[in-house]
Amino acid sequence: MRLELEVGRTDLAPYRKPFNARGSRIERCQGCGLPDSTCICDYQVQAQAEVEFWLILHKKEQYKPTNTGRLIKDVLPNSRLFEWHRTEPPASLLALLQDSRYQPWLVFPADEERDQQRLQPFARQLGKTPVFILLDGTWRQARRMFRLSPWLQQLPLISFQPQAGSGYGLRKALEENHLCTAEVGIELLRLAQEPAAEVLQNYFQVFNVHYVAGRLGQSLEPAAAARAWLADYRRQQSGQVVQMTQEQV
Ligand SMILES: [Zn+2]
């Protein structure tokens, strides 16, 4: 039996289990997990970045339609996903942490004194790929994963100044001051001066508006500019592919 805990670099298949909470009776798109009427699959685009994201998912988070960590994986397919277990660290992640090709940071606010000495600013090392390790769950789950995972204790921490408060409409009431996982990804891409930040920003905007629209019956209009931006980006990307194919011929 395969005990590998890395969920896979290619596809997490986020809806393989039924999500038995509110809204679970709605017909959902198999691609994006949103109700069919607000599907965002047409706006899913990919980008490249010279940084990687490794997401450690709390198991309760994995199948939630509100999880935004998967948006990072959609935009940056080389992101890696691992499932967090209280007693068993993901073996493949432990191996990667020893791999000298990577330069990992754990993304967590060092709001307690004992964590502050672990802070290291973002700076690229020649020949290494910067990696941002995100604890993907609610704020409480992330804190629990942080404290209960001795194998994360050696990693440097990175923090950043968000440009704005969370614009995520879904969990706002629960987690007023915390950015959702996709927003953290956007901030980190900005910090690393990666153009993919803008791609993820627009994709997140579409997801956010479409999700709320599906849930509360609100208008899709607020995402119009972001949809247009992504459609344009997608056209440019496919134009590049066609051009490459022609050159190869
Ligand atoms: Zn869809």
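Biologist: Among the contacts in the protein chain with a separation of 6 or more, what share comes from residues 24 or more positions apart?
Modeller: Keep in mind that this is a predicted model. Take the contacts in the protein chain whose partners have a separation of 6 or more, then pick out those between residues 24 or more positions apart; their share is 73%.

Biologist: How many helices and strands does the protein chain have?
Modeller: Along the sequence, the pattern reads β-α-β-α-β-α-β-α-β-α-α-α. The count for the protein chain is seven helices and five strands.

Biologist: In what order do the five strands sit in the open sheet?
Modeller: Let's build it from the pairs. S1 (residues 52–57) pairs with S4 in the parallel sense over six bridges, and S3 (residues 102–107) is joined to S4 by six bridges, also running parallel. With the parallel pairing of the whole open sheet, the order is S2-S1-S4-S3-S5.

Biologist: Which strands stand at the edges of that sheet?
Modeller: Look for strands with a single partner strand, because one side of each is then left without a neighbour in the sheet. Those are S2 (80–83) and S5 (157–158).

Biologist: Is S4 largely enclosed or open to the outside?
Modeller: S4 covers residues 129–136, and seven of its eight residues are buried. Its bridges go to both S1 and S3.

Biologist: How many of the residues of H5 are buried?
Modeller: Start with what lies over H5: the cover of its buried residues includes S1, H1 (69–75), S3, S4 and H6. Among the buried ones are Thr-181, Val-184 and Leu-188. H5 is mostly covered, and the count of buried residues is nine of 11.

Biologist: Are H5 and H6 roughly parallel or roughly antiparallel?
Modeller: The axes of H5 (residues 181–191) and H6 (residues 196–216) come within 8 Å and cross at roughly 160 degrees. Angles over 145 degrees count as roughly antiparallel. So H5 and H6 are roughly antiparallel.

Biologist: By class, what residues make up the contact of H5 with H6?
Modeller: The H5 side includes Ile-186, Leu-189 and Arg-190, and they belong to a group that meets H6 residues including Leu-200 and Phe-204. The crossing is left-handed. By class, the contact has seven nonpolar, two polar and two charged residues.

Biologist: Is Glu-221 buried or exposed?
Modeller: Glu-221 sits in the loop between H6 and H7 (224–248). Around Glu-221 there are 10 other C-beta atoms within 10 Å, and the cut-off for exposed is 12 or fewer. So Glu-221 is exposed.

Biologist: How far apart in space are Glu-221 and His-210, C-alpha to C-alpha?
Modeller: In sequence, Glu-221 and His-210 are 11 residues apart. In space, from C-alpha to C-alpha, the value is 9.3 Å.

Terms used. Residues numbered from 1 in each chain as written. Predicted model: local features only at pLDDT ≥ 70, side-chain atom pairs only at ≥ 80, totals over all residues. Axes fitted to C-alpha atoms, helices over the stretch in contact; angles between N-to-C directions. Helix = DSSP H or I, 4+ residues; strand = E, 2+ residues; numbered from the N terminus. Parallel < 35°, antiparallel > 145°, perpendicular 65-115°, else oblique. Left-handed = near helix turned anticlockwise from the far one by under 90°. Contact = placed C-beta atoms within 7 Å. Nonpolar A, V, L, I, M, F, W, Y, C, P; charged D, E, K, R; others polar. Buried ≥ 20, exposed ≤ 12 C-beta atoms within 10 Å, placed from the backbone. Pairing = 2+ DSSP bridges.
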